[in-house]
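User: I have a structure open and would like to go through a few spots in it with you. Can we take them one at a time?
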Amino acid sequence: MTFKNISLVHVYFMFGSEKFPVGRLALKDRKIFFEYTPEFIAKKYELSPFKLPLKPGVIACEDNVFEGLFGIFNDSLPDGWGRLLLDRKLMKLGLNPGSLSPLDRLCYVGAHGMGALVYEPEIEEHIASHHTDFDKIYEEIVHFQENDDDHFIDDLLNLGGSSAGARPKILIRIEKEEWLVKFRSSHDPKDIGAIEYAYHLMAKEANLDVPDAKLFPAKKGSGYFGVKRFDHFGSNRMHMHTMSGLLHADHRSPSLDYETIMKATLWLTKDVRQSEKQFRVAVFNVLSHNRDDHAKNFSFLMDQFGAWSVSPAYDLTFSSGPGGEHCSTVMGEGKNPTFANLLKLAETSGIPKQKSLQIIDEVQSAISKWKTFAKDAGVSESSQKMIQTAID
């Protein structure tokens, strides 16, 4: 891998095997600019209507939430685990990670980010991996974390260096389908995989739209939680945009209220059914004690006709949040949101009271079966009790 600072990046958009130019990103005087191509403007795809509206001319990014990068492109960048791996690889090569601009990092992502955006020039070709020995991969992760040893950096980067989120994870192809598989970090409970799988079962029971998921077996421990990707389907890709990138809301600190999430959902999708879908996720997060509900954990998908919908729900698991509060407040309440807060949220979102009560009842019914889902998933007795206490 060699890095040269890049000042011009070409952005492309892919649907199926078709790739067409979206525009150009430029870095000048430490400020980032973007310009759509006339051909893309003619297609009338609004990829990021709030912060990068479709219009001719050069557009400057006016804030520094993402190091001066537009949110739509920041969505493509790895953070947490993926960024750590890339930075350690650079240090291994004697390079200073701090010298890379966001444009340099986009060129590392190349064609391997989430959604339908592709960046050129691509700095390094990614090699597709079929390495499915999850126990061996976990050993490499533990060795890297505990021994500060770069021996497995290349393998770990190849397996999932473009993925986002704090927990170690890989992107892997299994029987022609792409899966994201998560591994325990040093701060997680030993049965974190089983806990997340139990939450997945509980979310399905609560009628949330969730991706297919599995608990892959492990020689030691409760297993590795994996979900099937919903932005890539073989050679077909869908444009995906997080709430963080859409609104330029920093996911690293509490920055949103669910009221803002709901209003953005209705504005973008123009469909109250999508608002109801988003509200169901909000209710589930509140009642199941999932307080890691930051701005990057809500996303939208755009189809080939330019229509938006709420993406399947993801990262649903037990979390106490920063300081014991939700990352996204519920009508201003972060510590102890109530049914009254949820009903007010539904009201401000235009959801009829009868429908909101139905959603709350369905979610509450599913969460009341926590112990059943936990036992089915193999959650430890101590974790079962701790989570039940928090839910109660």
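User: Where does Ser311 sit, between which strands?
Analyst: In this predicted model, Ser311 lies in the loop that runs between strand 15 (308-310) and strand 16 (328-329).

User: Buried or exposed, for Ser311?
Analyst: Ser311 counts as buried, because its relative accessibility is 4%, and the cut-off for that class is under 20%.

User: And what is Ser311 in contact with, beyond its sequence neighbours?
Analyst: Leaving aside neighbours within four places in sequence, Ser311 is in contact with Phe230, Lys277, Ser299, Phe300 and Leu301. As for Pro211, which is 100 residues from Ser311 along the chain, the two C-alpha atoms are separated by 9.3 Å.

User: Switching to helix packing: how do helix 9 and helix 10 cross?
Analyst: The axes of helix 9 (residues 258-269) and helix 10 (residues 272-287) come within 8 Å and cross at roughly 155 degrees, which means that helix 9 is roughly antiparallel to helix 10. The crossing of helix 9 with helix 10 is right-handed.

User: Which residues make that contact, and what classes do they fall in?
Analyst: Helix 9 contributes Tyr258, Ile261, Met262, Thr265, Leu266 and Thr269, while helix 10 contributes Val272, Gln274, Ser275, Gln278, Phe279, Ala282 and Asn285. By class, the contact of helix 9 with helix 10 has 7 nonpolar and 6 polar residues, with no charged residues.

User: What about helix 13 and helix 14, how do their axes lie?
Analyst: The axes of helix 13 (residues 370-377) and helix 14 (residues 381-391) come within 10 Å and cross at roughly 155 degrees, so helix 13 is roughly antiparallel to helix 14. Helix 13 passes helix 14 in a crossing that is right-handed.

User: Which side chains or backbones are involved there, I mean which residues make the contact?
Analyst: On helix 13 the contact is made by Trp370, Lys371, Ala374 and Lys375, and on helix 14 by Gln384, Ile387, Gln388 and Ile391. Sorted by class, the contact of helix 13 with helix 14 has 4 nonpolar, 2 polar and 2 charged residues.

User: New topic: how many disulfides does the structure hold?
Analyst: The structure holds 0 disulfides.

User: Cys107 is in helix 4, so how many residues of helix 4 are buried?
Analyst: In helix 4 (residues 102-109), 8 of the 8 residues are buried, so helix 4 is largely enclosed by the rest of the structure. Those buried residues are Pro102, Leu103, Asp104, Arg105, Leu106, Cys107, Tyr108 and Val109.

User: And what happens just after helix 4?
Analyst: Just after helix 4, Gly110 takes a positive phi of about 60 degrees.

How values were computed
Residues numbered from 1 in each chain as written. Predicted model: local features only at pLDDT ≥ 70, side-chain atom pairs only at ≥ 80, totals over all residues. Heavy atoms only, no water. Axes fitted to C-alpha atoms, helices over the stretch in contact; angles between N-to-C directions. Helix = DSSP H or I, 4+ residues; strand = E, 2+ residues; numbered from the N terminus. Parallel < 35°, antiparallel > 145°, perpendicular 65-115°, else oblique. Left-handed = near helix turned anticlockwise from the far one by under 90°. Contact = heavy atoms within 4.5 Å. Nonpolar A, V, L, I, M, F, W, Y, C, P; charged D, E, K, R; others polar. Disulfide = S-S within 2.5 Å. Buried < 20%, exposed > 50% of the residue type's maximum accessible area, 1.4 Å probe, protein only.
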